[in-house]
Amino acid sequence: MLGSALLQGMTVTAKNFVGSYFDKDRMTTIQYPEERKEPEQNFRNFPFLVFDKSADHLRCVACKICEVECPPQCIYIEVMRDDAGKIVKQPKVFDIDYTVCMGCQICVEACPFDAIKMDHEYEFAHENRFSGLLMRKTELAKSNEYFHSIKPIEATEVDTRLAEEAAKKKKPAPAAKPAAAAAPAAPKPAPTASMINVPDDAPFSPEQRAWLQKFLSQVAVASPGKPATATAAPAAGAAEAAPAAEAAGEEENPDLTNDVPWHDPEKDINSRMSMVQAKPLAVKLYAAMGQTDCTACGYDCKGYAMALAAGQEKDPNLCVPGADETAHKVHELLDAAGVKHS
């Protein structure tokens with residue numbers, strides 16, 4: 001029938017018009033500002049920063065991921081430093097220009113610490129539309145209790161996840177050593193051939209293991225002043241332990257500690273790379289990172305650099321704070337060193 005869709009639409013309009021006199025839920029408008037509608041939990045307007053204990057200790061660690069990911073570039077962050085000039089994982093400055101923010105929530109999705117969330121406030125009328133809508137850290141900071149009051153479902157999920165992550169990171173307390181018996185220990189028996197055992201995971205066949213156990217036991221009995229140890233026997237095991245020893249030496253390298261001059265997100269990448277021109281690959285990769293230790297890649301900056309240098313991590317594009325300049329430099333360093341990557 002011609003015009004049937006039009007008639008259906010007019011029917012819906014007529015039902016809502018007549019029904020609005022009897023059922024308030026059919027009202028499509030409210031008398032604002034005298035009446036205000038309570039926002040739904042998934043409503044979003046502008047971002048705010050969450051703190052747990054006090055506003056001086058935000059969840060934010062100033063990793064700058066949200067600043068990098070923000071499409072309209074309305075977020076500005078400066079890292080806090082202590083009296084000695086070392087970086088403190090807190091923002092000294094955290095500004096959001098609400099006149100530019102488009103409420104896209106990308107900053108919330110990008111934050112690995114659940115430190116920034118979308119607010120329900122929408123009344124920001126101000127006589128100065130420039131500085132009046134530039135929100136500082138003190139204005140953005142709101143408690144976790146406030147977060148629960150506006151978005152209880154999401155806030156509960158976040159708290160549960162953070163508690164689980166904290167429990168995983170918490171190391172178990174060392175087990176108490178059993179008290180020594182009051183009676184004197186029984187004297188150890190003299191060494192016999194049966195006392196020397198080669199570990200089952202040693203790289204030997206059963207026949208080789210049996211022969212080696214017999215040989216070491218005979219040596220132990222013949223030279224009681226110099227007891228033989230099975231751990232010194234496997235020569236093949238030493239070869240397997242060599243990479244681990246090299247890795248341990250690399251970790252102890254003073255150029256791979258967190259107290260190095262290039263571990264500073266406020267230094268540009270060219271300045272950082274100039275400090276490590278003659279350094280090993282892992283150190284150069286470390287200097288190329290974003291230097292915020294945000295762990296969004298699954299590592300801190302040093303750990304990511306060492307994993308790439310060792311070939312344990314194949315993806316060179318995981319550093320979000322470093323963005324394209326870090327990715328390009330990491331590709332360049334890995335290609336120059338002949339390290340395979342994705």
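Guide: Start with arginine 36 and glutamate 123. Their side chains meet in a salt bridge, with N to O at 2.8 Å. The term means a side-chain nitrogen of Lys or Arg within 4 Å of a carboxyl oxygen of Asp or Glu. Arginine 36 sits in the loop between α1 (4-19) and β1 (47-51), and glutamate 123 in the loop between β4 (116-118) and β5 (134-135), so the pair ties together parts 87 residues apart in sequence. Helices (H or I, at least four residues) and strands (E, at least two) are DSSP runs, numbered from the N terminus. Glutamate 123 is partly exposed, at 41% relative accessible area. Buried means under 20%, exposed over 50%, and partly exposed in between (1.4 Å probe, protein chains only).

A word on the source. This is a predicted model: local features need pLDDT of at least 70, side-chain atom pairs count only at pLDDT 80 or more, and totals for chains, interfaces and linings use all residues. Residues are numbered from 1 along each chain as its sequence is written, and side-chain values use heavy atoms, leaving out hydrogens and water.

Next, strand β4. Lysine 117 forms a salt bridge with glutamate 154, their closest N and O atoms 3.4 Å apart. Glutamate 154 belongs to helix α6 (residues 152-169) and lysine 117 to strand β4, 37 residues apart. Lysine 117 is buried at 4%; glutamate 154 is partly exposed at 26%.

Then glutamate 121 and lysine 142, bridged at 2.7 Å, N to O. Glutamate 121 is in the loop between β4 and β5, and lysine 142 is in strand β6 (residues 141-143).

Finally, Arg81, Asp264, Glu266 and Lys267 are linked in a network of salt bridges. The whole structure holds 13 salt bridges.
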